[in-house]
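Please read them with the structure open.

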Amino acid sequence: MLKQVFISALGLGLSSIFGSAIGLTVKKIPHKWNDIFMGFCAGMMLAASLVCLLLPSVEATPPSGWWQAGVGVVAGVLLIGLMDKFTPHLHHLSGLDEEKHLNNASLNSTLLFVLAIALHKLPEGLATGVTFNGEEGNAIAMSITIALQNIPEGMVVVTPLLMNGISFWRTLSLAIAISMLEIIGVFLGYFVGDISALFLPFLLAMAGGAMLYVISDEMIPETHSHGFQKGATYALVAGVMTMLFIEALL
């Protein structure tokens, strides 16, 4: 299983770097296509959080133990919500949104950007790593979902860095460093879930709750803020169905 975890972690890291490479080459992505692709990824992540994380969490315990899933979801939402209070939103730093987090007005913008990406990368990596302690099919489906989502996110990563005057090579180095956070998250999620098998339902639910928060608070609002919400909505539905087909095949 450790071999599969390594392949998954490497795949997630490379997909993020691939997206950043596209961003460094293209430099500006039309909002319409960014919103459609991000909506598709949001749909896949939504289905993955339910099918690969929350449902296995509930199935792993008898009805009397379902409280673990409920508490886990609450813990995941609160954890990301707390992190969210102290880091800026990804779409604001990308120039896509006017929302500001005043807590960080005086901090260096590049440092804030790295923290904002870490907000997404670590929970995604943890969620993927935890699933490897359950059914292998769920873990593979989750890896595919996050890898696809990493491509547009990687493209968005480099935009504010270049706009702030960061050099090409430094931007590339930061993109690689950020992708490493997700790789670390995958291994951390796997080993924590393996050591604490008794708490696996809680960990699965916590990862699912964290993903639901990111989808609702970050991804969906971003895809609905530029006038292309219809296309993004259709893409989200397509993403949900694609994820269900992948899960059925695996």
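1. First, a convention for helix packing. Axes are lines fitted to C-alpha atoms, for helices over the stretch in contact, and angles run from 0 to 180 degrees between N-to-C directions. On that basis, α2 and α9 pack at about 40°, and their axes lie 6 Å apart. That makes α2 oblique to α9 (under 35 degrees is roughly parallel, over 145 roughly antiparallel, 65 to 115 roughly perpendicular, the rest oblique). The crossing of α2 past α9 is right-handed; that is, the near helix is turned clockwise from the far one by less than a right angle, whereas anticlockwise gives left-handed.

2. Basis of the values. This is a predicted model, in which local features need pLDDT of at least 70 and side-chain atom pairs count only at pLDDT 80 or more, while totals for chains, interfaces and linings use all residues. Residues are numbered from 1 along each chain as its sequence is written, and side-chain values use heavy atoms, with hydrogens and water left out.

3. Overall make-up. The protein has nine helices and zero strands (DSSP runs, numbered from the N terminus: H or I of at least four residues for helices, E of at least two for strands). Of its 250 residues, 51% are buried. Buried means under 20% relative accessible area, exposed over 50%, and partly exposed in between, with a 1.4 Å probe and protein chains only.

4. The second packing pair. Helix α2 (residues 31–59) meets helix α8 (residues 200–223) at an angle of about 160°, with axes 9 Å apart. That makes α2 roughly antiparallel to α8. The contact residues divide into 18 nonpolar, seven polar and two charged. Here Ala, Val, Leu, Ile, Met, Phe, Trp, Tyr, Cys and Pro count as nonpolar, Asp, Glu, Lys and Arg as charged, and the others, Gly among them, as polar. α2 passes α8 in a left-handed crossing.

5. The two faces of α9. Which residues of α9 are buried? They are Ala232, Ala235, Leu236, Gly239, Met243, Ile246 and Glu247. They sit on the same side of α9 because they cover an arc of only 110° around the axis, taken from the directions from the helix axis to the C-beta atoms. The face turned away from that buried side carries the exposed residues Lys230, Tyr234, Phe245, Ala248 and Leu249.

6. One residue to look at. Leu126 is in helix α5 (residues 109–131). Leu126 counts as partly exposed because its relative accessibility is 31%. Leu126 and Leu188 are 62 residues apart in sequence, yet 6.5 Å apart in space, C-alpha to C-alpha.
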